[in-house]
Amino acid sequence: MTFVDDVREAVRAIPAGSVASYGDVGRRVGVGPRQVGRAMSLLDETVPWWRVVYADGTPPSCHGGRAPGLLDAQATPMRGARVDMARARHRWTP
């Protein structure tokens, strides 16, 4: 299993209405946030990519800027244009 597979599984585990930062995912799988970003670019549309955001809650701008609408559709807590990380951050169980 590669780190890309690990990233895929970690992102799939984030429930609707929740998010994780690139750094959160990286800590989960043992890589840095930039490596998570690279792995995310290799994943297909079956992975909920919009649930991985920047540390300050800014949604990703890839995929034609669709992330804010997808987050809204899943009732993800927001503060203006950013995700409310205090309320929406997913924490994996050990």
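**Entry 1: the end of α2**

I began at the residue that follows helix α2, Gly30, and found that its phi is positive, near 85 degrees. I note here that this is a predicted model, in which local features need pLDDT of at least 70 and side-chain atom pairs count only at pLDDT 80 or more, while totals for chains, interfaces and linings use all residues. Residues are numbered from 1 along each chain as its sequence is written, and side-chain values use heavy atoms, with hydrogens and water left out. For the elements I rely on DSSP runs numbered from the N terminus, a helix being H or I with at least four residues and a strand being E with at least two.

**Entry 2: α2 itself**

I then looked up burial, where buried means under 20% relative accessible area, exposed means over 50% and partly exposed lies in between (1.4 Å probe, protein chains only). Six of the eight residues of α2 are buried, so this helix is largely enclosed by the rest of the structure; the buried ones are Tyr22, Gly23, Asp24, Val25, Gly26 and Val29. I also looked up contacts, which means heavy atoms within 4.5 Å, and the cover over these buried residues includes α1, β1 (20-21), α3, β2 and α6 (85-88).

**Entry 3: aromatic pairs**

How many aromatic pairs does a search of the whole structure find? It finds two. Rings of Phe, Tyr and Trp (its six-membered ring) pair if their centres lie within 6.5 Å, and planes under 30 degrees apart count as stacked, over 60 as edge-to-face and the rest as tilted. The rings of Tyr22 and Tyr54 have centres 5.3 Å apart and planes at 50 degrees, so I wrote this pair down as tilted. Tyr22 belongs to α2 (residues 22-29) and Tyr54 to the loop between β2 (52-53) and α4 (62-65), so the pair ties together parts that are 32 residues apart in sequence. Tyr22 counts as buried at 15% relative accessibility, whereas Tyr54, at 42%, counts as partly exposed. In the pair of Trp49 and Trp50 the ring centres are 5.6 Å apart and the planes stand at 90 degrees, so this pair is edge-to-face. Both Trp49 and Trp50 are buried.

**Entry 4: α1 against α3**

I next took the axes, which are lines fitted to C-alpha atoms, for helices over the stretch in contact, with angles from 0 to 180 degrees between N-to-C directions. The axes of α1 (residues 3-12) and α3 (residues 33-42) come within 9 Å and cross at roughly 85 degrees. That makes α1 roughly perpendicular to α3, a term for angles of 65 to 115 degrees. Phe3, Val4, Val7 and Val11 of α1 meet Gln35, Val36, Ala39, Met40 and Leu42 of α3.

**Entry 5: the two sides of α3**

Which residues of α3 are buried? I found Val36, Ala39 and Met40. Seen down the axis, the buried residues of α3 fall within an arc of 105 degrees, so they line one face of the helix; the arc is that of the directions from the helix axis to the C-beta atoms. The cover over them includes α1, α2 and β2, while the face turned away from the buried side carries the exposed residues Arg34 and Arg38.

**Entry 6: positive phi without glycine**

His63 is not a glycine, yet its phi is positive, near 55 degrees. His63 lies in helix α4 and counts as partly exposed at 30% relative accessibility. Ala75, also not a glycine, has a positive phi of about 55 degrees. Ala75 sits in the loop between α5 (67-73) and β3 (78-79) and is exposed, with a relative accessible area of 61%.

Definitions and conventions: Angles under 35 degrees count as roughly parallel, over 145 as roughly antiparallel, 65 to 115 as roughly perpendicular and the rest as oblique.
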